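Thanks for coming, everyone. Let me put the model on the screen, and then we will walk through it.

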Amino acid sequence: MYSRRINFWILMSLTGLLACSPLRAFAVELEGYTEPYRTIRVATDETGVIDQIFVSEGEAVPQGTPLVRLNNDIYQALLAVAEQNMNARGRLESARAELELKSERLKILQSLRQEGNARQEEVDRARYENAVAKANIQTVQEELLSRKLEYQKIKTQIDRRTIRAPISGVVSLIHKEQGEFVAPNSPETMTLVQLDQLLAFFTLTSQQAAQLHINDKIRISFKHNQTSTEGTIEYISPVTDAQSGTVLVKIRIDNQKGDFRSGERCTIQLES
């Protein structure tokens with residue numbers, strides 16, 4: 001009887017402790033993987049044969065670096081012709097000389113008309129010829145402007161035949177070699193990846209995703225070298241995948257020093 005009373009009081013004491021102590025949530029480890037912050041298949045809308053490749057696979061390139069140049073021999077010839085036409089001043093000088101002559105003749109006839117030594121018809125004709133000479137100068141100037149624009153157009157076409165890096169990154173793959181043809185149905189020349197930042201991808205349950213918010217900081221661990229870093233939550237999918245019931249989350253990792261590799265497995269911890 002005494003033993004039963006002791007067991008009863010022990011049970012009641014444990015029940016009281018459980019009632020007074022809150023249930024602690026435990027952390028669960030979730031695994032994801034890293035990818036480049038951006039992957040760009042560098043393409044061109046120009047067509048032609050690759051004349052030169054300026055970079056090699058694995059090379060880091062700043063934004064704007066020339067990557068590939070297409071053959072532009074024909075465009076260089078067109079540019080030379082356009083430059084010659086743009087700088088041709090013969091017609092303009094001729095039109096100016098004609099205007100000077102017509103203006104002088106008009107002044108003389110106007111003076112003679114005032115003295116009664118010229119007819120009004122002669123003055124009117126000289127005034128008309130003077131106006132035509134002015135219009136001829138304007139026509140030549142407009143033609144020279146058009147030639148200048150044509151020169152700039154060809155120069156731009158030549159510049160576009162040099163494909164440049166759209167971002168600072170690393171050349172991960174060269175799709176075409178020197179001498180190959182770049183066509184509209186296959187415009188990619190190489191793949192460029194941005195690795196100074198990485199994105200870590202995780203698939204979470206809706207309950208786990210609800211704990212996170214955009215721009216939150218979270219600790220990310222890498223198993224292969226037992227290191228960790230702080231990441232920033234950049235994207236939480238607004239849609240739950242209907243088949244798996246999971247939510248995609250992307251976390252941005254600063255990788256300026258190149259400490260982390262793309263494609264590595266990583267983990268985060270969240271409360272279950």
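Two notes on the source. This is a predicted model, so local features need pLDDT of at least 70 and side-chain atom pairs count only at pLDDT 80 or more, while totals for chains, interfaces and linings use all residues. Residues are numbered from 1 along each chain as its sequence is written, and side-chain values use heavy atoms, with hydrogens and water left out.

Now the overall picture. The protein has five helices and twelve strands. Those are DSSP runs, numbered from the N terminus: helices are H or I with at least four residues, strands are E with at least two. The C-alpha trace spans about 155 × 50 × 35 Å along its principal axes. The radius of gyration, taken over C-alpha atoms, is 39 Å. A compact globule of 272 residues would come out near 19 Å; that rule is 2.2 Å times the number of residues to the power 0.38. Of the 272 residues, 29% count as buried. Buried means under 20% relative accessible area, exposed means over 50%, and partly exposed is in between, with a 1.4 Å probe and protein chains only.

Next, helix α2, residues 73–87. Its 15 residues should span 21 Å at 1.5 Å a residue, and the end C-alpha atoms are 22 Å apart, which agrees. The expected span is 1.5 Å times one less than the number of residues. Which residues of α2 are buried? They are L79, A82 and M86.

On to α3, residues 90–115. In α3, L92, A95, L99, L106 and L109 are buried. Their cover includes α4.

Last stop: R91, also in α3. R91 is partly exposed, at 48% relative accessible area. Leaving aside neighbours within four places in sequence, R91 is in contact (heavy atoms within 4.5 Å) with V140 and E143. The R91 and E143 side chains make a polar contact at 2.7 Å. A polar contact is a pair of N or O atoms within 3.5 Å; within protein, one must be able to donate a hydrogen and the other to accept it, and residues adjacent in sequence count only if both atoms are side-chain atoms.
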